[in-house]
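Here is a quick tour of one model, taken a piece at a time. Keep the 3D view open while you read.

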Amino acid sequence: MTQPMTARTAAPTTAGALSVAHGARPAADGASGVLSAFEEWVRRSPDAPAVIDGTHRWTYRQIGAAADEAAEALRDRVRPGDLVGVCLDRSAALVVTAVALARIGAVYLPLGPRPGERRTDAVTEDLNVRCLIGDPELLPPRHRSADRLELALPGEGANATATVVAAFATPAAAAHSAPAGAFYAVLTSGSTGRPKAVAVGEPALGGLLDWYRATTGLGPGDRQSLLIGVAFDPHLLELWAGLTSGAALAPAPDAVRWDSVVLADWWRTAGVSVAVAATPMAEPLLERPWPQDLRLRHLVVGGDRMRRRPGAEVTATVHNAYGPAEATVVATTHAMHGTDSAADTDTAPPIGRPVPGVTVLVADAGGRPVERGAEGELLIGGSGLALGYLDPELTARRFVPVSEGVDLPGVERLYRTGDRVRMAADGQLEFRGRLDDQVKISGVRIEPAEVEAAFEQDPAVLSAVVTAPRTADGRARLVAYVRAADGAGLTADALLPALRTWLPEQAVPSDIRIVGSFPLDANGKVDRAELTRRAAESGAPRPDGTAPDGEAPGDSTPGERLVLSAARDLLGRPGMSLAENFTGAGGTSVLAARLLTVIEKESGVRLRAPELLRQPDLRAVARLVDQRTAARQPAGA
C-alpha cells in the first residue's frame, strides 16, 4: 500500500518570479528530541522488535538496556559534547552505541568499520576525538596500543564483531572540538587533502525525521532498512527513523551492497517496507522488471544524480532526494510513482522542492536570487542547516549571511552548496552540475585535491593531478596523473595499497597514469582542462564502437569480449586486460553491481557478487560466463 504525501509536505510557497522557495511550516513538534522519541517507544512498546538481523531480534527494551550498560561503562571517560569515533558496521552493536552516546550527550562520529588507517590517524589528529569504538584488530596502531575499555555490545548478526572496545588516545593540542549543541558529526571530503567534519544539532535531525515519518507512514510493524554505509550521512536518517517510529531496523549484510538483484531479494526476505538507498544501487532496479512480492512501499534515493524514472510496474513511491551533509541529509525531494505520466522514461527527474523548514535560493555570484528559469548556485537556509564545520574559519566561508536587500523571513544564514541548479516556473529544482572541482563518485562527494594529497604522502611521488572526466552516460570517474620523484620506479599497482589506507573506496582512482611531466597553460600552471580532455579522449570509443587501445585478442571468447568491454567501460580504462582483477583495478561495490547487471543483460547469465569477487582476474569471470552460457543451450545447438 502506497502512503500518499501529506499536506504538510506539499508544494511550498514561492516568492514571485524569483528563484526562491520555502518548505512548508514544520510540524509543531518538529524540534522534538530525537532521543526522547526513542525513549517514548521504549516505554510504550518495550517488547516490540527494534532490530531484526536475520534470525536475531532485539526489542526496544533490550536495546535500551544494552545502551544503559554501555553508557554506564563510558560515562567516567566520555563527557557531554565529546566527539566519539564509531568504527562499527550496520548491526545491533552499532544501534546500541548510537543510543548510548546520545544518552551521555556525546557527539556520534561514524567512521565505518574500516575507514583506512592513515585516514583515521588524520581525523584523530585534526579532531578532538575522545575515543574510537570498534574492533580492536581494525583500529589504527595509535589506538590499538592505547588505553582500552571492552564494551558488552551485542555480538550477533551479519556484520557483527566478536569484541568491541573503546580505545582512548591523547588528541593533538590544536585539534578541533564539536560546537555546543552537536548531536552528530560526519566527515566530508576536504580540499586541503584532509577530510573535514560537519556537526549537526538534534533539532535539525528531529525536524527531518518528522518529515520522513509523515511522508512514509513509518511506524510499528514496519521494517526500515539499515543499508547505507555507516560513514555516509543518510545512515543517520535511516537509523534514527526506525528508532523514533516504533519500527524495526533491518541491518543489511555487506554482500547486499554489491548487487542490486541481491538487494531486492534481501528486501523481500527481510520484509523491508521503507528503505533508503544510494542512487547508483537503486537505479539498476528501475531498469529491469520490478521485483514482485515486495513489502517495500517507499524508497528514498539520493547521493548522486538520478538519470531515469520508475517504470509503470514499480509499486513503491520513489523519492529523488537531494541534500548535502551541511543541510542534514535531505533538503529537497521529488516523489515519483509508476502511474505518473513521465514514468518509465530516461529523462532525469528534478530534485524537487524543499522539505518542511527549509528555504532554497538559486543565486547569482552576489548571493541574490536569479529569475526562474535561469541557472545559479543553490543556497540553502532554514531549520535544517547544520551547526557548521568543526573548523570555524571554514564555517565562515561556506555558511554566509543573507545578502543585503534579500528578504528571507526567518532565515539568518545560508549554506553555499557549490551546486549549479535551475528553478522551473513551477518551483521544481533541476540539478545541473557543480560550480567547482568537487565531483560525486558512486554517491560520495570527492575533492580531487584530497586524492592528490593522498598520492603525495608517498615519498616516491613528486606530485599528482586528479581529473574527473565523464563517461558517455554522464558518470564521473577519477583519473590520476602521477609524477615520480627522481630515481623512483613507480607503478600504479604499487601505489594502490597505501592509497586505500588514506581514502574511502569511492575516492580511489580507476585509472592511474605515471607521467614525466604535466601540460602547462599560458600562465605556467598545470593545464587541468587538457588533462581532463586527454583522460576523456583516451576512454572514448572509436566510431565503430571498439575501444581505442588494448583490444581483446582475436581468438577471445564471447564471454571474454563481453566482460572485458564492460569492465573497461565501467572503470574508464580502455587498456585494461583480461589478466587484471576487477577490484584491484579500482572496481568499487557499486561498479561491481553494474558489471553484474551488464553481464546479465547482454548474455542472460546471472552471476552473484561472491562469484565475481572470488575470481583472480577478468579471464576467470569470463570463463564462468561462457560455461553458464553453454549450459543453457540445448544439446546439439
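Predicted model: local features only at pLDDT ≥ 70, side-chain atom pairs only at ≥ 80, totals over all residues.

Let's begin towards the higher residue numbers. Three strands make an open sheet here, ordered 27-28-29, with mixed pairing. Strand 27 (461–467) and strand 29 (511–515) are the edge strands, each of them pairing on one side only. On average, neighbouring strands in this sheet are turned by 20° against each other, ignoring direction.

Now zoom in on one pairing. Strand 27 and strand 28 (residues 479–484) run antiparallel and are joined by six bridges.

Helix 11 (residues 448–455) touches strand 27, strand 28 and strand 29, and its direction makes about 155° with that of strand 27. Helix 12 (residues 492–502) also touches strand 27, strand 28 and strand 29, with its direction at about 120° to that of strand 29.

Over to helix 2, which covers residues 60–74.

Which residues of helix 2 are buried? The list runs Tyr60, Ile63, Gly64, Ala66, Ala67, Ala70, Ala71 and Leu74. These residues cover an arc of only 165° around the axis, so they sit on the same side of helix 2.

## Thr97 in helix 3

Thr97 belongs to helix 3 (residues 92–104). Is this threonine buried or exposed? Thr97 has a relative accessibility of 3%, and since anything under 20% is classed as buried, Thr97 counts as buried. Setting aside neighbours within four places in sequence, the residues in contact with Thr97 are Val86, Leu88, Ile133 and Leu153.

Six aromatic pairs turn up in the model. One of them is Tyr322 with Phe431, a tilted pair with 6.4 Å centre to centre and 40° between the planes. Tyr322 lies in strand 16 (residues 317–322) and Phe431 in strand 24 (residues 429–434), so this pair ties together parts that are 109 residues apart in sequence.

The two partners differ in how much surface they show. Tyr322 counts as buried at 9% relative accessibility, whereas Phe431 is partly exposed at 23%. Elsewhere, Tyr389, Phe399 and Tyr415 form one aromatic cluster.

## Positive phi in a loop

Thr328 is placed in the loop between strand 16 and strand 17 (332–336). Its phi is near 60°, a positive value in a residue other than glycine. Thr328 also counts as buried, with 1% relative accessibility.

Val329 is found in the loop between strand 16 and strand 17 too. What is the phi of Val329? It is positive, about 75°, although Val329 is not a glycine. As for burial, Val329 is buried, with a relative accessible area of 6%.

Terms used. Residues numbered from 1 in each chain as written. Heavy atoms only, no water. Pairing = 2+ DSSP bridges. Helix = DSSP H or I, 4+ residues; strand = E, 2+ residues; numbered from the N terminus. Axes fitted to C-alpha atoms, helices over the stretch in contact; angles between N-to-C directions. Contact = heavy atoms within 4.5 Å. Expected span 1.5 Å × (residues − 1). Buried < 20%, exposed > 50% of the residue type's maximum accessible area, 1.4 Å probe, protein only. Arc of directions from axis to C-beta. Phe/Tyr/Trp six-rings, centres within 6.5 Å; stacked < 30°, edge-to-face > 60°.
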